Amino acid sequence: VDDVYIVLMSLKKQGGYSHRSFLRAMREVAVPVTMTSVVNCLMFAVMNISDIPAVYLTATVAVICVIALYMGVLFCFPAYCWLDMERQAAGKMDVFFCLNSDSDGSSHAGKEDKRQVWLYEKFYYPVVLGAPVVRIVVHMLLFLGALALLGAGIYGMTEREVGLGLEDFFPVNSQAFVWADTRTQELASWAIGMNWGEIEYTDPMTQQKMIKQFEDVVSTSKVAEMNTDQLWMSKFLIWSTRHCTSNFDRDDPNTYLCGMEQTYEGDGDDSGTVCAGGWMKNAVGLRDKTISDGRGDCEPFSGGICRPASQMFAEDLALAGHINETDSDTTSYCPFAEWSDGKFKWCLEQWRNLTNTGSGEFITDSDPTPTECAGEFYRDESIQWPIPLTTGPSMWAFDLQSHELTLDLLSETRKFCDNDPELHCWMDGIPYDYWSQYENVFEVLMELSFTSVAVGFAVAWIFLFGKIFGEKRHSFSKVFCGTLAAA
């Protein structure tokens, strides 16, 4: 609209309907129209540095629109103006161009523009450029107003609402909106999960750090409480100790299900040994198991898998190197399994098959054996080794009534998982798949804003300097400083 107005005002200022007047007007507007279009185009093009689809796709469409509008304003609109100039020169009416008008076809240059008289002579000049006292007061008010708008903009950015939910895509009174809004407010929960890649699963410290990551994520404010033994690594390590409870409930009384009764038959030096783990001091701050004495309140969760020395078997304390004379009864010990790769893989497959546990997902090299019941299978698959990928149990995030709360979930959990510099894992689930695009939206906004201002300043200064310096009316230093200040 502003470029069209520039073209119309330039044609009006030339005062005439001749071919030469039209060319002079177009020569005058070519540079400013090009400058404004280039600035607008670059402002939107800068937004393509963002990796958020909603941002860079909008920017791409906007750039195409700006280019199309520029071509239309510079090449199509002037043609219509020329035809209208021909109509006025012929003394024809507007719209009903077949009828003669009262005008004699003379130039409109000398005609008074009432809008210009009222806006400039009756309002702008006496208020902004009039008496010194009025001028000073108005300038101060304009300055204060600019500061107020700047402050309001800064405050508004800090109070922004990030992202779009399903309710933002439906009319307020529609059934879909009511459902989406109710889901956000009353059912504000999503299923999430944890994943690990090819890490050193046979290393005791890696085992403890893996369990620690799980416990830290569970301890965040938006993740529902879970027992540590719901993680497959925790359950597997307990299975390899005297604290295994699988033998308490077995279909065949002649078949033992715990790790210490499973003898590994392999090719290495550890062939003939059992799947017995050990105990080591709690080096990373894992949770202890909650053990009730039966006299207090009922505990809804059992907590971790580590035990204080006072709750451990004497044989386990001896294996852990506990010295009664020097070590406290509250010293915490955690299970670990330090075996060869072949034994670890075999024991892991035995644990899955014997206990029929569904904890954790693994990539397998074979299909499971079907049971006597149709549709049911044993868990006797051969696990791919080294383990390329494994997952944790299903977890639930809750109280996610807003986008900000969902982003809080992402930052709190990724701190212990995705952003852990020692042991990498990654979170997944709908909150991470969808809301991740809004994690750095404020930083992206700042980057785009400052980059746009810088690009706009550079383009405006180049155009102004080139045009004014080309007229050779002022020295280089004056043109440089003046156009720099103007830009």
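This is a short tour of a predicted model, stop by stop.

Residues are numbered from 1 along each chain as its sequence is written. Local features need pLDDT of at least 70 and side-chain atom pairs count only at pLDDT 80 or more, while totals for chains, interfaces and linings use all residues, and side-chain values use heavy atoms, without hydrogens and water.

Start by colouring the protein chain by pLDDT (the predictor's confidence in each residue, from 0 to 100). Its mean is 84, with 92% of residues at 70 or more. Now select helix H4, residues 114–128, where confidence is lowest at a mean of 70; helix H7, residues 204–218, has the highest, at 96. Helices (H or I, at least four residues) and strands (E, at least two) are DSSP runs numbered from the N terminus.

Angles run from 0 to 180 degrees between N-to-C directions, with axes fitted to C-alpha atoms, for helices over the stretch in contact (heavy atoms within 4.5 Å).

Next, show the open sheet, an antiparallel set of 3 strands ordered E2-E4-E3. Strands pair if DSSP finds at least two bridges between them. E2 (278–281) and E3 (307–308) are the edge strands. Zoom in on Pro-308, whose bridge partner in E4 is Ser-332.

Finally, select H13 (441–470) and H14 (476–486), which pack at about 145 degrees with axes 9 Å apart. Residues that meet here include Trp-461 and Phe-465 from H13, and Phe-480 and Leu-484 from H14.
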